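The structure is shown first.

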Amino acid sequence: MRCLNANPFTLGHRYLVEQASKENDHVYIFVVNQDVSLFTIAERFNLVKQGVADLDNVDVINGQEYMVSYLSFSSYFIKNADDVIKYQTTLDARLFRDGIAKPLNITKRYVGTEPLSHTTAIYNETLQTELQPSVQLIEIDRKQFEMTHVISATTVRSAIERGDEMLYQQLVPPTTKQFIDKHLDLLQERIEGGITASNLSLFPMLQSSLVMQSRKRLLMY
């Protein structure tokens, strides 16, 4: 099983899915269902589906969403940003383990190593702790380009913002490149409207209202 935000779907995502496909009889990809990304839910879902269409044992599923709201006295227990992340990721991991993996008989979950995102690194650590022993967490080294840089959707979004076709075409599969080429002006307009590479975290911090939202990171980045 693999969970993706895929904002957008990159060769790094494709590499992880390929590894899971080779090692398992059947693979579920859950696409995060939250419209807080540069690419909309429908766009991300379709890019993932098109990007793995040749892998017969892979099913792409809309992750839907769950929400944990109005948690009483949460500020008493949560003292800093890392505690917020750990709390939310623990909720998310347990909901996945008990409410999704068990009924679907999912026994493995694949993630990429995370050298870039502090939040996602904590999430991976939480998954390692919470999913065992019923679900094995398999962490795969991220795919690189130019031998030194990991492929990142954040890098792709930055290249889109600059109109750097030479860069983003190295990082995404042909289906994603075709979409970006066709809709580059629209994507840049969205960025100009306030959607940037830096404000697309999957785990929002607590607001003053103490409403906490947990997302089906059915998955990732």
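This is a predicted model: local features need pLDDT of at least 70, side-chain atom pairs count only at pLDDT 80 or more; totals for chains, interfaces and linings use all residues.

The charged end of R109 lies over the ring of F96, at 4.5 Å from the ring centre.

Contacts between rings come next. A pair of aromatic rings is described by the distance of the centres and the angle of the planes. Searching the whole structure gives two aromatic pairs, listed below.

| Pair | Centre to centre | Angle between planes | Class |
|---|---|---|---|
| Y28 and F30 | 6.1 Å | 35° | tilted |
| F39 and F179 | 5.9 Å | 45° | tilted |

The pair of F39 and F179 links distant parts of the chain, its members being 140 residues apart. F39 belongs to the loop between β2 (27-31) and α2 (41-51), while F179 is in helix α8 (residues 174-192).

Which side of the burial cut-off do these phenylalanines fall on? Buried means under 20% relative accessible area. F39 has 0% relative accessibility, so F39 counts as buried. F179 has a relative accessible area of 18% and is therefore buried. F30, from the pair with Y28, is buried as well, because its relative accessible area is 5%.

The remaining element is helix α1 (residues 11-23), which has 13 residues. From its first C-alpha to its last, α1 reaches 18 Å, close to the 18 Å expected at 1.5 Å a residue. T10 caps the N-terminal end of this helix: a side-chain oxygen of T10 is 3.1 Å from the backbone nitrogen of G12. G12 is itself one of the buried residues of α1, which also include H13, R14, L16, V17, Q19, A20 and S21.

Notes. Residues are numbered from 1 along each chain as its sequence is written. Side-chain values use heavy atoms; hydrogens and water are left out. Rings of Phe, Tyr and Trp (its six-membered ring) pair if their centres lie within 6.5 Å; planes under 30 degrees apart count as stacked, over 60 as edge-to-face and the rest as tilted. Buried means under 20% relative accessible area, exposed over 50%, partly exposed in between (1.4 Å probe, protein chains only). Helices (H or I, at least four residues) and strands (E, at least two) are DSSP runs, numbered from the N terminus. A charge sits over a ring if NZ of Lys or CZ of Arg is within 6 Å of the ring centre and within 35 degrees of the ring normal. The expected span of a helix is 1.5 Å times one less than its number of residues. A polar contact is a pair of N or O atoms within 3.5 Å; within protein, one must be able to donate a hydrogen and the other to accept it, and residues adjacent in sequence count only if both atoms are side-chain atoms.
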